Amino acid sequence: QDKTVKIGVLTDNSGLYSDLGGAGSTLAAQMAVEDSGLAAKGWKIDIVSADHQNKPDIGTTVARQWIDVEKVDIFVDVLNSGVALAVNNLVKEKNAIMINTGAATSDLTNTQCSPNTIHWVYDTYMLANSTGQALVKAGGDTWYFLTADYAFGHALERDTSAVVVKSGGKVIGTVRHPLNSSDFSSFLLQAQASKAKIIGMANAGGDTTNTIKQAAEFGIVSGGQKLAGLLLFINDVHSLGLKVAQGLNFTETFYWDLNDGTRAFSKRFSERMKNKAMPSMVQAGVYSGLIHYFKTIDAMGGNPHDGVKVVAKMKETPTDDPLFGKGTIRADGRKLHPAYLFEVKKPAESKGPWDYYKLVGTTPGEQAFRPLSESACPLVKK
Amino acid sequence: MSALTDDTLPVTPRAMRDEMIMFAAMAVLLGLVPMSGIYPFFVMQALCFALLACAFNLLIGYGGLLSFGHAMFLGTAGYCSAHALKVWGFTPELGILVGVAGAAALSVVTGFISIRRQGIYFAMITLALSQLLYFIYLQAPFTHGEDGIQGIPQGRLFGIFDLSKPTVLYYVVLAGFLGGFLLIYRTINSPFGEVLKSIRENEQRAISLGYKTDQYKLLAFILSGTIAGFAGSLKVFVAQNASLTDVHWTMSGEIVLMTLVGGLGTVFGPVVGAFVIIAMQQYLAGFGQWVTVIQGVIFVACVLTFRRGIIGEIAHYFRRSL
Amino acid sequence: MQALYAQLLVGLINGSFYALLSLGLAVIFGMLNIINFAHGALYMMGAFCAYFLLHLTGIGYWWALIIAPIAVGIFGMILERTMLQWLAGLDHLYGLLLTFGIALIVQGVFQNYFGSSGLPYAIPDYPEVGGFRGLQGGMNLGFMFLPIYRGWVVVFSLVVCLATWFLIEKTRLGAYLRAATENPTLVRAFGINVPRMITLTYGLGVGLAALAGVLSAPINQVRPLMGADLIIVVFAVVVIGGMGSIMGSIITGFALGVIEGLTKYFYPEASNTVVFVLMVLVLLVKPTGLTGRTA
Amino acid sequence: MADEFILETHGLTKEFAGFFAVRDVALKVRRGSIHALIGPNGAGKTTCFNLLTKFLRPSAGQILYKGQDITAMAPADVARLGLVRSFQISAVFPHLTALENVRVALQRQHGSSFDFWRSKSVLDRYNGRAIELLNDVGLSEFANTPAVEMPYGRKRALEIATTLALDPEMMLLDEPMAGMGHEDIDKIAGLIKRIAAKHTILMVEHNLSVVANLSDIITVLTRGQVLAQGTYAELSDDERVKEAYLGAGHA
Amino acid sequence: MPDLKMAEAATKPAGGAEVLSVSDLQAWYGESHILHGVNFNVKAGEVVTLLGRNGAGKTTTLKSVMGIIGKRSGSIRFNNEEIIRASSDRIARLGIAFCPEERGIFASLDVRENLLLPPVVRSGGLSLDQIFELFPNLKERLNSQGTKLSGGEQQMLAIARILRTGARFLMLDEPTEGLAPVIIQQIGHTIARLKSEGFTILLVEQNFRFASTVADRYYIVEHGKVIDGFANSELSANMDKLHTYLGV
Ligand SMILES: Nc1ncnc2c1ncn2[C@@H]1O[C@H](COP(=O)(O)OP(=O)(O)OP(=O)(O)O)[C@@H](O)[C@H]1O
Ligand SMILES: Nc1ncnc2c1ncn2[C@@H]1O[C@H](COP(=O)(O)OP(=O)(O)OP(=O)(O)O)[C@@H](O)[C@H]1O
Ligand SMILES: [Mg+2]
Ligand SMILES: [Mg+2]
């Protein structure tokens, strides 16, 4: 029996998203290997990692070389939708595996779904759905969108508007800002003037954090309007500081302080991180996904090099790990687990660094993600 | 722009012979790659960038025009080809044609706007134009924004060569590269090239001799942009995607870096530079966070210590032009 | 209509950042003939410097406004002495490439140590004067809520811009610098210590970038890449204003802020591109920019 | 008329922000003559040249070349009509060899300058003519020297060779002898004399012995206006010319 | 070198202390060795002219004294201070002023700024009024861009601006090039006047006729060496030699 596997952590090590994945993803993969106990059972597991610099062509070249030369079996992380979609095609062509924990695009399990890919942590549909639904339910029934003017922003806005309307709310306006703006005051003034209860930020990364910071300055939150982040991570909150970020609402599928399992893992993780950071949901996803993968190949006994076969097996097996709890993987490659709506604590409520979130609501996995009935994935038999 | 060219030596018949020998050696070496066990995709990508850098070098090294927006031709041709191949279902040769035509059209327009500007203004206006284009591509629906055009079919070139076979693809790319390279080489050493050099040296004087210098510069710009576009179209077959990174200004910076490392205004410098930089990107990818820092260090080291570039330094050492 | 006033004012505020940054660039270009691609990185260093001062030593905003530009300025002078100096007399291209490399290094190093998402920096809440706590809070102008801090930014940068303009255009320094750009050997042969003057000027330009960094720290995330994209826009401002023209960049900086503000209001999708379109138009009509000296 | 005078200007005027560098100049250059334009510094001689070769646009007036109105033409077109200039500050292509410098000019005349697909060895057929021209100005030994490495005087000679390569009907020479040593001056003067057999020459020069030796007719310009015109002998007696240009001590 | 010895003998001090003495000066442009041991001296209050063919190394000699040639060796003493190693700004502040042959007018400065550019190193320079009296053209064109001046006006400006600085030792590289005869005469008068006021002047000239009206002594430069020298009084005796050296 061939009991060797190679894991490729393909991530952004140097760019905009390096805090989310980057070195932390590699660490999470290592911890998964250590915790799997497979080495004791005669498995030989190697990890390679590389920086795709958020460039699809670099990503595919590295990935192709990994598959052809280094014999990598499985890709994890693969942040950045552009890179993820490119690698998705390649992995399918070469019959390898991708457990994507970093990309936001829900196309990975919709039009672009593949028998070789599992989308683990989150996607735009889920974020829109969870945040939109929960906030409307809590009384935030008028929305104004601040949307980054490119495909990703449009998708987030479109999905969220649909949810808002479906839940009985109303969208009273939208302003589209260019990607990577440094100043949002004009847009915020327009949002403020709209008097909407919720200002939905359909953007990401630096755009979102700057929006939040400047919203605080223009007294938007203190004026009674609420900011809803449609894609925000704990690292963003950490970098904003509670003073500015307090009161924000948004969805994540992992938080270090959810339960004993998450706390134990996160403590071990952060001790080994250079800057003592807690794991992001992307990094947690790398760990969780690999644990499930290891369980599956161990059960198969060996020869884990047929990607389609392994993924099919993974889909058959229910998932269970300390970070995301029990869950399943659907036919379209979507991993299901609960989505949590968090609100950022006030500075006074926080007990220390990284103690940032209050849990506001939970949506079960089956309701949080795009239902199969709406799926355009050819793998789904209707 | 005279400081740029202090080290270029006049081309003598002997230099041309040296260059032909170098070229033959390069062609043979590259031809042997698939048998050598070297990973062909790496070489293919490097070849595309090498052609791109050569095209850029035509403009700066021989026309004295620094374009800081050459990525726009790469990206435009890439998007055009990708769209033609994927959405319209064109054959590879037609796909390439569409890409090259797109880049050529773009170079006519941008060249017309920028060519009358001098020196640093030229660099800035090309940078601005490419940035303008970047934002357009970011928002245009057919490019799929930051997701890019993915999974482009490779097809059969002229109905014969199956491009999904790496070896076949390799030789097609190699042939494309060598063809482009020869065209550039010929341009540099043509009657037109001579006029271009004299314009770079002293434009006022060239005018007083009756040359309409703008027309010559424009032709050089169009040639350069078109060949850069050809490189972009070839790259589509290698990477099988077309994305925003190819039009971003950092890509333009990389093109400059490649040419600089290899040797500005040398015939083979851009090729060597492209291989070095692409190899670095591939092999440093494992170094993670330090990639950009290392790239920066190379820039600085290059400018400070071997400004002539690798080939330039070698040529200077042997007092040859390469 | 009221909303329009608000947009104009907000545009003016952004304009003051453009003005400060392009002023520094213009000083460095006009006087040293270097296209300082590292400007964005140095701007970022200014912001980080303010952050370190506050979080490591407890030194607050007001002192940071003085210390950070000086510290970063000294860093710039070291760069000039150790690297840029050797490029004197070479083509523009090399200065541009060298500073591009420096920018990559500086940004890369910061990113390695501080991650990409950035660090917080608050608006100063001291001294307390009258009803104001430092520069926090805002006032209602009727047509908009103006954060005090934004008002401060406009006024302060205007003062700095004019002072720099005066220093360079109205004293002998400017003539020395311009002459030294053209023919440093000869100026030196007139008895002027050109290398030292150039070093100090680069320090000044860099200091201006750092100052803009400190000013922006309380309103933008302090991120390693905060200057990377801004720099291209600022280049455009300098080009439109006429490379090397001090007043040109100041005016264009403020004007661009306003134009961008209006675009954000009427056609936000184009607010990133408007500057480049403007630049192409200006250059087509006036090749040397609005106030540029002939090349 | 057009036969007799190859170049005529009427009311030629150039104003720079209120300052008249050239004012209402009527110039007639006879075909086949050597016509000198002299005058104190700042009189407007170079500006005149710039106007004639279209490097500057006249504020007013008209320029006729071979009877054709060239007032609104582009500089390159004027050069193509056979009206070619040299510069007051030497203008060569510094990193090309002397031979290549001359060849660039020869090439322009014979077309094919846009041919980027042909080898430049097609240019070799101009080498013979280029070397001939270099010999004429005494630069044969420098044929393969890059212009930048040549002494100043030789650069001037090279510039003349390059201009001659265009075989212009009319040459405008702006201080061709400036900065040259005596031997060179004699050489170039001889050269100009020889050229003048077939070409018309309009020349600015401060070296009086050269002007005296070479020129058929002299126009004196002061403050942008024509002060006098005549042969050297006529003018050296003219009090106004003495005062404005030659200076008191002039013998 | 019997010639040179003769030359030195012929130029034994006619009075005044040595202001500048250059011995065994060698200079290089990059790789190319241009000056191969130049020897000469200039005494206080003298006008000394370097003559020589194009490319002989006259300009290079002046530039070496000024400290703006990259590589040089030998000895240059100015008022008994060794300056071969000094930086050019320091040399300027010692009181040497240089007017280069390519004029060095700054395009980005207007005429006034060009004129006022060189800092005053010592009192006793010409006032602006005196300068305008000398070169009336400049007064008219004060606000014009420096390089928009006519060639001759630029030459005037280049000379004028160093007269302001108060340096007592002037080096003029072909100051009459491109000037009209009237102006050349004026410059001749100026040099005479400066000399009478105690200025010391080192001149490089092609225009031998002009040089002969102002110079006290001549040195002949050829192939990077001083090969001969004589005083103005010995001029007629040396006319033949001059012919062979310069082709005058
Ligand atoms: N572009 C310009 N802008 C402003 N003034 C100018 C310009 N060009 C020339 N002038 C002025 O016009 C006058 C005539 O200049 P021009 O160069 O024609 O003189 P010139 O007769 O050639 O003198 P020289 O013998 O010294 O070369 C000068 O006073 C000069 O300052
Ligand atoms: N920048 C330079 N690089 C290389 N060689 C140079 C340079 N400048 C001058 N030379 C060479 O040095 C030699 C001496 O030049 P220099 O300028 O001193 O001569 P000169 O006596 O002043 O001549 P001229 O009368 O023409 O001004 C010449 O052979 C010249 O070609
Ligand atoms: Mg003139
Ligand atoms: Mg000289």
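Me: What makes the meeting of E:Thr59 and an oxygen atom of ligand 2 a polar contact?

Reply: A polar side-chain atom of E:Thr59 lies 2.5 Å from that oxygen atom of ligand 2. A polar contact is a pair of N or O atoms within 3.5 Å (within protein, one atom must be able to donate a hydrogen and the other to accept it, and residues adjacent in sequence count only if both atoms are side-chain atoms). The distance for E:Thr59 is within the limit, so the term applies.

The model is predicted: local features need pLDDT of at least 70, side-chain atom pairs count only at pLDDT 80 or more, and totals for chains, interfaces and linings use all residues. Residues are numbered from 1 along each chain as its sequence is written, chains are lettered from A and ligands numbered from 1 in the order in which they are written, and side-chain values use heavy atoms, with hydrogens and water left out.

Me: Which other atoms of chain E lie at such distances from an oxygen atom of ligand 2?

Reply: A backbone N or O atom of E:Lys58 is 2.9 Å from an oxygen atom of ligand 2. In the side chain of E:Glu174, an N or O atom is 3.4 Å from an oxygen atom of this ligand. Ligand 2 on its own has 640 Å² of accessible area (Shrake-Rupley method, 1.4 Å probe; for residues, only the protein chains shown count as cover), and the protein covers 72% of that area.

Me: Why is the site of ligand 2 called shared between chains?

Reply: The residues that surround ligand 2 come from chains D and E, so the site is shared. A residue is near a molecule or strand if one of its heavy atoms lies within 4 Å of it. There are 15 residues around ligand 2, and E:Asn54, E:Gly55, E:Thr59, E:Thr60 and E:Gln206 come nearest. Helix α2 (residues 58-66) of chain E gives the largest share of this shell, 3 residues; helices (H or I, at least four residues) and strands (E, at least two) are DSSP runs, numbered from the N terminus.

Me: What makes the site of ligand 1 shared between chains?

Reply: Residues from chains D and E surround ligand 1, so its site is shared between chains. Of the 20 residues around ligand 1, the closest are D:Lys45, D:Thr46, D:Thr47, E:Lys148 and E:Gly152. At least two residues of the shell come from each of β2 (19-25) and α1 (45-52) of chain D and α7 (151-163) of chain E.

Me: How do you know that D:Lys45 and E:Arg141 make polar contacts with ligand 1?

Reply: A backbone N or O atom of D:Lys45 is 2.6 Å from an oxygen atom of ligand 1, and a polar side-chain atom of E:Arg141 is 2.8 Å from a nitrogen atom of the ligand. Both distances are within 3.5 Å, so both pairs are polar contacts. Taken alone, ligand 1 exposes 640 Å², and the protein buries 92% of that.

Me: What makes the pair B:Glu194 and D:Arg103 a salt bridge?

Reply: The closest N and O atoms of B:Glu194 and D:Arg103 are 3.6 Å apart. A salt bridge is a side-chain nitrogen of Lys or Arg within 4 Å of a carboxyl oxygen of Asp or Glu, so the pair qualifies. The rule finds 2 salt bridges across the interface of chain B and chain D. On the side of chain B that touches chain D, α6 (166-188), α7 (191-201), α8 (203-208) and α9 (213-239) of chain B each give two or more residues. The largest share, 7 residues, comes from α7(B).

Me: How do you know that chain B and chain D are in contact, and that chain B and chain E do not touch?

Reply: Contact means heavy atoms within 4.5 Å. By this rule, 32 residues of chain B are in contact with 38 residues of chain D. Chain B and chain E do not touch, and their nearest C-alpha atoms are 12 Å apart. No contact joins chain C and chain D either, their closest C-alpha atoms being 15 Å apart.

Me: What does "bury" refer to for chain E and chain C?

Reply: Buried area is the accessible area (1.4 Å probe) that two parts lose on being put together, summed over both. For chain E and chain C this is about 1700 Å², 61% of it on carbon and sulfur atoms. E:Asp89, E:Phe106 and E:Leu117 supply 30% of the area that chain E buries against chain C, more than any other three residues. Chain B and chain D bury about 3100 Å² between them.

Me: Why is the meeting of E:Glu113 and C:Arg178 called a salt bridge?

Reply: The N to O distance between the side chains of E:Glu113 and C:Arg178 is 3.3 Å.
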